[in-house]
Amino acid sequence: MDVVLRERIEKLGDRGEVVSVKPGYARNFLLPKRKAVPATPHNLRQVEQEKAAAVRREAIEKNESEMLAQQLAEVSLQFTRKVGEQDVLYGSVTSLDIAESLHEKGFEIDRRKIDLDEPLKSLGGHNVPIKLHREVTAVVSVEVLREE
C-alpha cells in the first residue's frame with residue numbers, strides 16, 4: 001500500500017515522501033496516528049503545500065535563531081558558589097541556573113536547549129553551547145566565582 005508521510009519516521013522516510021508499506025502497518029499504525037495519508041492525487045498536493053509552508057517557516061525560524069545567537073555571543077554570565085578545600089564547589093551550576101540568569105537578562109531560553117553534558121562543578125570560565133535551532137548553536141560565556 002502506498003502512503004504519503006506527514007512527518008519523518010525513522011527507517012521509513014522523510015515528510016512528503018511516498019513509501020510502500022504493508023497494509024496492516026498503514027491501517028493499524030500510520031493512518032490512525034495521522035503520520036501518513038493514502039497516496040491519492042489530492043493528498044499529494046496537500047502534503048506538497050504543507051511541505052512548502054514548513055520550508056518557509058523553517059527559514060524564518062533559522063533567521064531568528066541566528067539573530068538571537070549573535071546577541072547571546074555578547075552575553076557573559078557570572079555565578080558565585082561556595083567552595084570547599086582545594087576549590088571544589090559545594091553545589092554546581094546547572095542548565096536551570098543558566099536559563100534563569102538569561103531570563104533575568106531578557107532572553108527566553110528553554111533550559112532543555114542548554115547543552116550541558118553535566119553541571120559545572122569547577123571554578124573559572126566555561127563556554128556553554130545553546131542549541132537554538134537544528135543548524136544554529138550559540139555559545140554563552142559562564143564564569144563560576146568563589147563566594148567570599
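Colleague: Which residues is Leu 5 in contact with, leaving aside its neighbours within four places in sequence?
Modeller: In this predicted model, Leu 5 is in contact with Leu 12, Gly 13, Asp 14, Arg 15, Gly 16, Glu 17, Val 19, Lys 35, Ala 36 and Val 47, once neighbours within four places in sequence are set aside. Taking Glu 17 from that list, its C-alpha lies 5.7 Å from the C-alpha of Leu 5, although 12 residues separate the two in sequence.

Colleague: Is Leu 5 buried or exposed?
Modeller: Leu 5 counts as buried because its relative accessible area is 0%, and the cut-off for buried is under 20%.

Colleague: Where is Leu 5 found?
Modeller: Leu 5 belongs to strand β1, which covers residues 2-5. That strand is part of an open sheet of 3 strands, ordered β2-β1-β3, with antiparallel pairing. The edge strands, β2 (18-20) and β3 (36-38), each pair on one side only. From one strand to the next, the twist averages 40°.

Colleague: How many bridges join β1 to β3?
Modeller: There are 3 bridges between β1 and β3, and the two strands run antiparallel. Within this sheet, Val 4 stands opposite Val 37 of β3.

Colleague: Let us turn to the other sheet. What is the order of its strands, with β4 in it?
Modeller: The order is β4-β8-β7, an open sheet of 3 strands with mixed pairing. Its edge strands are β4 (76-81) and β7 (124-131), each pairing on one side only. Neighbouring strands are turned by 30° against each other on average, with direction ignored.

Colleague: In which sense do β7 and β8 pair?
Modeller: β7 pairs with β8 (residues 137-146) in the antiparallel sense, over 8 bridges. Lys 131, for instance, has Thr 137 of β8 as its bridge partner.

Colleague: Which strands does α2 lie across?
Modeller: Helix α2 lies across β7 and β8, and runs at about 25° to β8. Helix α3 (residues 95-104) lies across β4, β7 and β8, running at about 125° to β4.

Colleague: Staying with α3, which of its residues are buried?
Modeller: The buried residues in α3 are Ser 95, Asp 97, Ile 98, Ala 99, Ser 101 and Leu 102. Their cover includes α2, β4, β5 (88-93), β7 and β8.

Colleague: What follows α3?
Modeller: Gly 106 follows α3, and its phi is positive, near 100°.

Colleague: How many residues does the largest nonpolar core have?
Modeller: The largest nonpolar core has 23 residues, and those with the most contacts inside it are Leu 72, Leu 77, Ile 98, Leu 102, Ile 109, Ile 130 and Val 142. At least two residues come from each of α2, β4, β5, α3, β7 and β8. β8 gives the most, with 4 residues.

Colleague: And what does Ile 130 touch, not counting residues up to four places away in sequence?
Modeller: With those residues not counted, Ile 130 touches Leu 72, Leu 102, Ile 109, Lys 113, Ile 114, Val 136, Thr 137, Ala 138 and Val 140.

Colleague: Which residues does the second, separate core include?
Modeller: The second core is separate, has 8 residues, and includes Leu 5, Ile 9, Val 21 and Leu 30.

Colleague: Finally, how many aromatic pairs does the structure hold?
Modeller: The structure holds 1 aromatic pair. Tyr 25 and Phe 29 form it, stacked at 5.5 Å centre to centre with 20° between the planes.

Colleague: Why are Tyr 25 and Phe 29 separated by about one helical turn?
Modeller: Tyr 25 and Phe 29 are separated by about one helical turn because they are 4 residues apart in helix α1 (residues 23-30). An α-helix has 3.6 residues a turn, so residues three or four places apart point the same way.

Key: Residues numbered from 1 in each chain as written. Predicted model: local features only at pLDDT ≥ 70, side-chain atom pairs only at ≥ 80, totals over all residues. Heavy atoms only, no water. Pairing = 2+ DSSP bridges. Axes fitted to C-alpha atoms, helices over the stretch in contact; angles between N-to-C directions. Contact = heavy atoms within 4.5 Å. Phe/Tyr/Trp six-rings, centres within 6.5 Å; stacked < 30°, edge-to-face > 60°. Buried < 20%, exposed > 50% of the residue type's maximum accessible area, 1.4 Å probe, protein only. Core = buried A, V, L, I, M, F, W, Y, C linked by side-chain atoms within 4.5 Å.
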